[in-house]
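Please look over the structure below before reading the briefing that follows.

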Amino acid sequence: MKYAFSFLAVIALILIAWLGSLIPGMQYFFGVAVPYLAVLVFLGGFIYRVVQWGKSPVPFSIQTTCGQAKSLDMFKHDKLESPETTAQVVGRMALEVLLFRSLFRNTKSEFYDGPKITYESSKWLWLFALMFHYSFLVVIIRHMRLFLNPVPKLIGYLDWTDSMFEIGTPAMYMTTAGLLIGVLFLFGRRLFNRHVRYLSLANDYFPLVLIFAIAATGGLMRHFLRGGIDIVAIKELAVGLVTFHPTISTDIGSIFYIHLFLVCSLLVYFPFSKLMHLGGVFLSPTRIMKNNSRAVRHINPWNPDIKPHAYAAYEDEFREFMVSAGIPVEKELPPQEEAADEEAPEKQEA
Ligand code: HEM
């Protein structure tokens with residue numbers, strides 16, 4: 001039912017934008033005020049989250065690795081799995097961010113009679129996740145043609161390459177299809193894989209439904225409701241928004257306001273959601289730290305006055321409490337203390 005809530009929330013957003021855009025005078029609110037507000041919340045929220053993460057102390061080297069660390073020369077060092085230098089960390093991060101390397105190792109577990117459990121390689125998630133993210137990126141870069149005047153040549157080339165199969169008029173972009181197929185796979189995986197469904201929350205379904213609705217309304221505008229929008233007025237508004245002179249000269253069409261309002265909702269939701277993995281991946285100590293703890297002694301940098309506290313000193317400090325709690329100790333209490341300790345409960349009872 002958690003996905004039903006996500007559908008209802010997105011339907012509510014669509015209704016707000018659709019009905020709102022029909023009210024005379026509200027076009028300025030949906031076309032100008034809401035986008036500016038959404039961008040402010042997005043930037044403010046994004047920066048706030050990154051600063052909070054940046055301020056969290058990480059005094060020790062806590063990377064997660066899955067390969068041989070740099071050690072004696074007779075052991076082959078796995079430079080990507082267990083990076084020891086900054087360059088190696090950059091290599092590991094580049095493969096992670098550009099090719100989702102850790103997801104490539106995704107496995108599927110199954111129970112069989114016996115009982116037996118097996119783990120098999122499962123590359124589908126990796127493949128569709130890659131398709132989804134790259135399509136999303138290209139769609140956003142391509143949209144820059146609406147905001148920039150003149151349109152940079154590079155965006156023109158990207159546009160041409162993306163629509164080179166010339167399916168339909170206007171030609172369908174491969175990345176529109178890639179985005180829709182990718183998001184449908186990710187949603188279907190949450191719905192039909194019982195392990196993932198058990199773990200999924202409304203916060204997992206909502207962004208997928210929202211992104212699907214954004215891509216679907218975009219596709220509708222381009223391929224089915226072309227007559228319902230004024231693309232020249234949209235370009236005028238988009239350029240006006242980035243140059244801080246926004247104008248809405250004519251009736252642009254409700255479907256555009258719906259598309260834009262959904263995008264704004266995504267922007268507002270983004271910094272407070274799991275989508276922040278976009279920024280978080282670059283700030284994740286388990287990924288961005290070097291595994292050099294065999295070569296470098298990591299000393300707590302934000303409290304250099306901290307005194308060493310060996311186990312023997314710790315036991316001296318807490319021995320009495322440990323004995324009374326039944327925790328084994330290396331050095332027993334002196335006899336008189338033990339006797340006093342035994343009396344204590346009687347006194348308490350009295
Ligand atoms: C998260 C951001 C956005 C996503 C994922 C997105 C997605 C899409 C998709 C998938 C399409 C179908 C055609 C294509 O792929 O270009 C589309 C079309 C469109 N989008 Fe967006 N969009 C976003 C932001 C915006 C914004 C901010 C505007 C406001 C100017 C906008 C205006 C349009 C217009 C006018 C079309 C129709 C373009 C055409 O007919 O060629 N989109 N969008």
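**Cavity and iron site**

The largest cavity is lined by Glu-81, Arg-92, Glu-96, Arg-101, Ser-102, Arg-105 and Arg-287, where a cavity is a set of points on a 1 Å grid over the protein atoms alone at which a 1.4 Å probe fits but cannot get out, and lining residues have an atom within 4 Å of a point. This is a predicted model, in which local features need pLDDT of at least 70 and side-chain atom pairs count only at pLDDT 80 or more, while totals for chains, interfaces and linings use all residues. Residues are numbered from 1 along each chain as its sequence is written.

**The cavity**

- The largest cavity holds about 30 Å³ of space, a volume being the space filled by probe spheres set on the points.
- By class, its lining has no nonpolar, one polar and six charged residues, with Asp, Glu, Lys and Arg counting as charged.
- Helix H3 (86–99) and helix H4 (101–104) each supply at least two residues of this lining, helices being DSSP runs (H or I) of at least four residues.

**The iron site**

- The iron atom of the ligand is coordinated by His-143 (NE2) and His-259 (NE2) at 2.0 to 2.1 Å, donors being N, O and S atoms within 2.8 Å of the metal (3.2 Å for Na, K and Ca).
- His-143 lies in helix H5 (residues 124–147) and His-259 in helix H11 (residues 254–269), so the pair ties together parts that are 116 residues apart in sequence.
- His-143 is partly exposed, with a relative accessible area of 27%, whereas His-259 counts as buried at 11% (buried means under 20%, exposed over 50%, partly exposed in between, with a 1.4 Å probe and protein chains only).

Technical notes. Side-chain values use heavy atoms; hydrogens and water are left out. On a 1 Å grid over the protein atoms alone, a cavity is a set of points where a 1.4 Å probe fits but cannot get out, and a pocket is an open set with protein on both sides within 12 Å along at least five of seven lines; lining residues have an atom within 4 Å of a point.
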